[in-house]
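Please open the structure in a viewer and keep the selection tool at hand.

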Amino acid sequence: MFGKKKILAGGLVALASAAVILAGCASQEKEDYALAYYTQMSAAELAEHLIFEKGGFNLDQPTQEGTTVRERQTQDDLNMVCSEYRNRPPADVAGQIVTEARASMKYPEYGLELGDWRRGAELAWSGFGFRVGHNVDNHERREVGGNCYNCHSMSEGRTGGSLGPSLVGYGKTRGDSLEVRRFVYEMMYNPHAYFPCTEMPRMGHNGLLSAEAMADIMAYLLHPESPVNR
């Protein structure tokens, strides 16, 4: 009897082992299939698949502007048009984008005055602003920055990016006329007024920077004592 129990127990162990092996094979096949499926996607398709279909990111978490990540990730009309033409719209569409961008401009009540260039230097360097997830940017603790150096070189003392044109010596070579100030302000507020489907953010239009912050960054770019113009 003991011997039968031993044999039965051994059989159950064998069956269980076989089940585990089969389950393991099925799991491996599933992983292999998923891997093969992923390799057929472009980088953009894979990112969208992982975020929107696989739940790889909490899209319902709140954002600083009072919406959700899902709403932030949703394209507006301009984003959709630029995506459709891969940021190279035909002339008639580009003209419409420029017209709408110019109509969207809002200017400070006190005019296009230069702010504090020293404060502007820090704002141009700072990337603090709208991160969510495990390291949320708290606007009560620190002011939102423009992150200008991420794309532009601006002064000799700090390393800047090369996605956008160099702005070193900008005020020194262009002066500080009202026309120059207007161009700089409008480029920060809504750059599609000059470059339709540009990758530069709409800092003012989308409420990323306040009018005061843009005045400070404008001063950093144009003031003769700013490191940008030395």
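**First stop: Tyr 220**

Begin by selecting Tyr 220, which lies in helix α9. Helices here are DSSP runs of H or I with at least four residues, strands are runs of E with at least two, and both are numbered from the N terminus. The model is a predicted one, in which local features need pLDDT of at least 70 and side-chain atom pairs count only at pLDDT 80 or more, whereas totals for chains, interfaces and linings use all residues. Residues are numbered from 1 along each chain as its sequence is written, and side-chain values use heavy atoms, with hydrogens and water left out.

Is Tyr 220 buried or exposed? Its relative accessibility is 2%, so Tyr 220 counts as buried. The term buried applies under 20% relative accessible area, exposed applies over 50%, and partly exposed covers what is in between (1.4 Å probe, protein chains only).

Next, display the surroundings of Tyr 220. Leaving aside residues up to four places away in sequence, Tyr 220 touches Trp 117, Gly 120, Ala 121, Ala 124, Tyr 149, Met 154, Ser 155, Ser 226, Pro 227 and Val 228. A contact of this kind means heavy atoms within 4.5 Å.

**Second stop: the whole chain**

Now zoom out and colour by secondary structure. The protein chain has nine helices and zero strands, and from the N terminus on its elements run α-α-α-α-α-α-α-α-α. Of the 230 residues in the protein chain, 31% are buried. Among contacts between residues at least 6 apart in sequence, 54% join residues at least 24 apart.

Switch to a surface display. The protein chain exposes about 15000 Å², of which carbon and sulfur atoms supply 56%; such areas come from the Shrake-Rupley method with a 1.4 Å probe, and for residues only the protein chains shown count as cover.

**Third stop: the cysteines**

A disulfide is a covalent bond between the sulfur atoms of two cysteines. The cut-off used here is a pair of cysteine sulfur atoms within 2.5 Å. How many disulfides does a search of the whole structure find? The search finds one.

Select Cys 82 and Cys 197, whose sulfur atoms are 2.0 Å apart and form this disulfide. The link is left-handed, with -90° about the S-S bond. Cys 82 lies in helix α4 (residues 77-84) and Cys 197 in the loop between α8 (178-189) and α9 (211-222), so the pair ties together parts that are 115 residues apart in sequence. Cys 82 is buried at a relative accessible area of 6%, and Cys 197 is buried at 4%.

Then select Cys 148, which is in no disulfide; the nearest cysteine sulfur, that of Cys 151, is 8.8 Å away. Cys 148 is buried, with a relative accessible area of 16%, while Cys 151 is partly exposed at 24%.

**Fourth stop: the salt bridges**

A salt bridge is a side-chain nitrogen of Lys or Arg within 4 Å of a carboxyl oxygen of Asp or Glu. By this rule the count is nine.

Select Asp 76 and Arg 202, whose side chains meet in a salt bridge of 3.1 Å, N to O. Asp 76 lies in the loop between α3 (69-73) and α4, and Arg 202 in the loop between α8 and α9, so the pair ties together parts 126 residues apart in sequence. Asp 76 is partly exposed, with a relative accessible area of 28%, whereas Arg 202 is buried at 8%.

Move on to Arg 119 and Glu 212, a salt bridge whose closest N and O atoms are 4.0 Å apart. This pair links distant parts of the chain, with Arg 119 in helix α6 (residues 117-125) and Glu 212 in helix α9, 93 residues apart.

Finally, select Arg 181 and Asp 176, which form a salt bridge with the closest N and O atoms 2.8 Å apart. Arg 181 is buried at a relative accessible area of 16%, and Asp 176 is partly exposed at 34%.
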